[in-house]
Structure formats: structure tokens, C-alpha cells
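Subject: Structure handover

Hello,

Here is the structure for you to look through. My notes on it follow below.

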Amino acid sequence: MIALGCDHGGYELKLEIKKYLDEQGIAYKDFGCNSLESTDYPIYAKKVAHAILDGECDKGILICGTGIGISITANKFKGIRAALCSDCFSAEATRLHNDANILAMGGRVVGPGLAVKIVETFLNTPFSGDARHMRRIAQIETE
């Protein structure tokens with residue numbers, strides 16, 4: 001299951017991503033926000049991070065205006081590896097090399113067509129499991 005979260009700056013892009021997930025039959029849980037009314041991105045980053053850490057969801061997608069603030073917030077949680085991606089190459093690389101569990105995007109940065117391709121790449125790329133990448137992830141996880 002995919003955890004979705006956004007602030008007002010990512011709301012419209014989240015709707016496009018939900019449409020794609022529905023078309024593909026991919027299960028998700030929407031943690032908000034649910035309008036264009038101004039709200040604070042940390043609220044939704046925290047909800048998505050907790051859903052992943054608690055095992056309720058496998059991966060997450062977070063969207064704010066730039067994707068920066070929401071990814072910074074998510075990365076405060078040990079065990080979360082949120083990657084801000086604006087292209088498919090980065091989405092693929094972060095899954096292969098970093099085993100990222102949250103994709104972050106900017107609703108004011110990435111258009112809907114590209115965003116869907118980034119989501120598709122992120123969700124369909126497995127972690128390589130390569131020993132050197134596992135070693136590096138372990139180093140991220142320590143203080």
C-alpha cells in the first residue's frame with residue numbers, strides 16, 4: 001500500500017497521481033490534505049512517515065510546492081529515506097541505490113505527465129540489494 005500526503009501546494013498534483021494509481025489498481029491511503037486551503041506540510045510528512053514505519057504502508061509519496069520542505073521533514077524519522085525527484089533517472093537511482101521508501105515531488109516544479117512517469121519509475125524499480133549499497137544505507141541509519 002502507498003501512503004500519500006501533500007500540502008496545498010501539492011494538492012492538485014496528488015489528484016493526478018491518485019488517478020494514475022486508481023487506473024493501475026494500486027492500493028493507497030490518502031493522509032491529506034484535501035483542498036487548496038493553506039496548510040502546513042510537516043503534518044502530512046509525519047503522517048506518511050509514521051504509516052511506513054508502523055508497517056501500515058510500504059512506500060510513500062509526498063508533495064508540497066517544491067518537495068523540499070516535505071522531504072526534509074520526512075527524513076527526520078529514522079528508517080525513512082525520502083528522495084526529492086524531478087526526473088525519472090533520479091527516481092530509478094534512488095530506488096536502486098538508496099532503497100528510498102518515500103518519493104517527494106514539487107507540485108509547482110513537476111507537471112502532471114512527468115510526475116506520473118516519475119511515480120511509475122519509483123514504484124516499479126526494486127532495490128538492487130547490492131552489498132555496497134546496503135553498507136551505505138546502514139551508515140545512513142546510524143547516528
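Glycine 65 is in contact (heavy atoms within 4.5 Å) with Asp7, Gly9, Gly10, Gly106, Gly107, Arg108 and Val109, leaving aside its neighbours within four places in sequence. Glycine 65 sits in the loop between β3 (59–64) and α3 (68–74). Helices (H or I, at least four residues) and strands (E, at least two) are DSSP runs, numbered from the N terminus. Glycine 65 is buried, at 7% relative accessibility. Buried means under 20% relative accessible area, exposed over 50%, and partly exposed in between (1.4 Å probe, protein chains only).

A word on the source: this is a predicted model, where local features need pLDDT of at least 70 and side-chain atom pairs count only at pLDDT 80 or more, while totals for chains, interfaces and linings use all residues. Residues are numbered from 1 along each chain as its sequence is written, and side-chain values use heavy atoms, with hydrogens and water left out.

Now turn to aspartate 7. Its place is the loop between β1 (2–6) and α1 (11–24). Aspartate 7 is buried too, with a relative accessible area of 5%. Beyond four places in sequence, the contacts of aspartate 7 include Cys33, Thr39, Tyr41 and Gly65.

The UniProt record, an unreviewed entry, lists both residues under "binding site", along with His8, Thr66, Gly67, Ile68, Gly69, Asn98, Arg108, Arg132 and Arg136. These positions span 130 residues in sequence, and the farthest two C-alpha atoms are 38.7 Å apart, so they do not all gather at one spot. UniProt positions follow the numbering used here, feature names are shortened, and annotations may be inferred rather than shown by experiment.

Next, a helix pair. Helix α4 (residues 88–98) packs against helix α5 (residues 112–124) at an angle of about 20°, with the axes 8 Å apart. Axes are lines fitted to C-alpha atoms over the stretch in contact, and angles run from 0 to 180 degrees between N-to-C directions. The two helices are therefore roughly parallel (under 35 degrees; over 145 is roughly antiparallel, 65 to 115 roughly perpendicular, the rest oblique). On the α4 side, the contact includes Cys88 and Ala91; on the α5 side, it includes Leu114 and Phe122.

Two backbone details are left. The peptide bond from glycine 32 to cysteine 33 is cis, with omega near 0°. Aspartate 99 has a positive phi, near 50°. Most residues other than glycine have a negative phi, and most peptide bonds are trans.

Best wishes
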